[in-house]
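These are my notebook entries on one model. I record what I looked up, entry by entry.

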Amino acid sequence: MNCIVCIACVPDTATVIKIGPDGKGIDETGIKWIVSPYDEYALEEALKITEAKGGEVTVVTFGPDRADSALRDCLARGAHKAIHVRGGEASLGDSFTIASVLAAAVKGLSYDLILVGVKGVGTDNAQVGQMLAELLGIPHCAAVTTLELGDGVLTAGRDVEGGRERVVSPLPALLTCQKGLNEPRYAALKGIMAAKKKPVDKVEVASLGIQEGASPFYAVRSLALPPAKSAGTVIKGEDDPAGAAAQLVKLLRDEAKVI
Ligand SMILES: Cc1cc2nc3c(=O)[nH]c(=O)nc-3n(C[C@H](O)[C@H](O)[C@H](O)COP(=O)(O)OP(=O)(O)OC[C@H]3O[C@@H](n4cnc5c(N)ncnc54)[C@H](O)[C@@H]3O)c2cc1C
């Protein structure tokens, strides 16, 4: 069973984000770039499937040169091969264009399942997977937390408001993967060494019929950080707990206005 996993390369979630000089993007100085955490669930599921049923895992990313390290990380964890689509950094970062590029990059490949993160951490659009499935003309199911595979069919489970939903779909299909699906593995030293010899196919975006300088479907006008938090109020209640409770209630009612 062949699986394709789409990998977004994002700033480490521990990064203290600063706005860049143009006010429309982030200052990338010193940022460590990682595999988007939800894509780790997608990769882990693909690895488990191919370990159980045979086949290959191909990871694919569209992004600048720095995304190469994310692909190497996936290869070190066990992916068999990688595709790195490059070019168009100045204008092609919107979700629909990303989905179009990924569709063009994978459409000639033989696959049973495409696994995608539920969202790319940082931008959180949660759009690329569904758009990619539509462009490829295959069914999709979002935010999956359980998966069973049968003969040419999958059964996926997902959380819905107040309950669980089970979805059945023919293969090939696309799933967006949610936290809880599995426990992603780390790369072992042996895998890191093996990854150096695994193939990474470098593809220029223009060779996929996508115009490098095309206008984006949307553009970010401005970015702003949330206002700095105030210092907070500490209520000391050791000597007079009842008085402290009364003071807390007063503050919640009169200042925070939450009760
Ligand atoms: C040409 C280009 C230039 C970019 N330049 C910058 C930049 O300068 N600064 C910056 O911070 N970010 C940049 N990015 C990252 C980009 O803006 C998004 O953060 C990222 O691709 C996720 O987008 P999204 O929120 O629309 O995805 P979502 O819809 O939230 O993603 C859902 C899932 O789709 C898949 N996916 C999303 N994007 C990609 C991708 N690119 N390749 C493979 N799979 C993907 C992943 O599995 C992801 O979990 C660039 C991306 C591209 C392609």
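**Entry 1: strand 10**

I began with strand 10, where Ala-173 is the bridge partner of Leu-113. Helices (H or I, at least four residues) and strands (E, at least two) are taken as DSSP runs, numbered from the N terminus. The model is predicted: local features need pLDDT of at least 70, side-chain atom pairs count only at pLDDT 80 or more, and totals for chains, interfaces and linings use all residues. Residues are numbered from 1 along each chain as its sequence is written.

I then looked up the pairing; two strands pair if DSSP finds at least two bridges between them. Strand 10 pairs with strand 6 in the parallel sense over five bridges. Strand 7 (residues 140-149) also pairs with strand 10 in the parallel sense, over three bridges. In that pair, His-140 has Leu-174 of strand 10 as its bridge partner.

Is strand 10 enclosed or open to the outside? I count a residue as buried if 20 or more other C-beta atoms lie within 10 Å of its own, as exposed if 12 or fewer do, and as partly exposed in between, with C-beta atoms placed from the backbone. Five of the five residues of strand 10 (residues 173-177) are buried, so the strand is largely enclosed by the rest of the structure. Side chains in a regular strand alternate between the two faces of the sheet. In strand 10, Ala-173, Leu-175 and Cys-177 point one way, Leu-174 and Thr-176 the other way, and all are buried.

I checked the peptide bonds here. Leu-171 and Pro-172 are joined by a cis peptide bond, with omega about 0°. Pro-172 belongs to the loop between strand 9 (163-170) and strand 10.

**Entry 2: strand 1**

I next examined strand 1 (residues 3-6), which is covered on both faces: Cys-3 and Val-5 on one side and Ile-4 and Cys-6 on the other are all buried. Strand 1 runs parallel to strand 4, joined by four bridges, and Val-5 stands opposite Val-59 of strand 4. Strand 1 also runs parallel to strand 6, joined by three bridges; here Cys-3 stands opposite Leu-113.

**Entry 3: nonpolar core**

I define a nonpolar core as a set of buried Ala, Val, Leu, Ile, Met, Phe, Trp, Tyr and Cys residues joined through C-beta atoms within 7 Å. The largest one has 60 residues, of which Val-5, Ile-7, Val-59, Cys-74, Leu-115 and Cys-177 touch the most other members. Helix 1 gives the most to this core, with seven residues.

Which residues does Val-59 touch? Contact requires C-beta atoms, placed from the backbone, within 7 Å. Not counting residues up to four places away in sequence, Val-59 touches Val-5, Ile-7, Leu-43, Leu-71, Cys-74, Ala-79 and Ala-82.

**Entry 4: ligand shell**

The ligand is surrounded by 30 residues, the closest being Gly-117, Gly-120, Thr-123, Asn-125 and Val-128. At least two shell residues come from each of helix 1 (37-53), strand 4 (57-62), helix 3 (95-106), strand 6 (113-117) and helix 4 (128-136). Helix 3 supplies the largest share, three residues.

**Entry 5: helix 4**

I found Val-128, Gly-129, Met-131, Leu-132 and Ala-133 buried in helix 4. The cover over the buried residues of helix 4 includes strand 1, helix 3, strand 6, strand 7 and strand 10. Gly-137, whose phi is positive, near 70°, follows helix 4.

I noted Ala-143, which has a positive phi of about 55° although it is not a glycine. Ala-143 lies in strand 7 and is buried, with 21 other C-beta atoms within 10 Å. Lys-257, likewise a residue other than glycine, has a positive phi near 55°. Lys-257 is in the segment after helix 6 (241-254) and is exposed, with 8 other C-beta atoms within 10 Å.

**Entry 6: whole chain**

The protein chain has six helices and 11 strands. Of its 259 residues, 33% count as buried. An automatic or database domain assignment gives domain 1 (3-208) and domain 2 (229-259). Their C-alpha centres lie 46 Å apart.

Key: A residue is near a molecule or strand if its C-beta atom, placed from the backbone, lies within 6 Å of it. Two residues are in contact if their C-beta atoms, placed from the backbone, lie within 7 Å.
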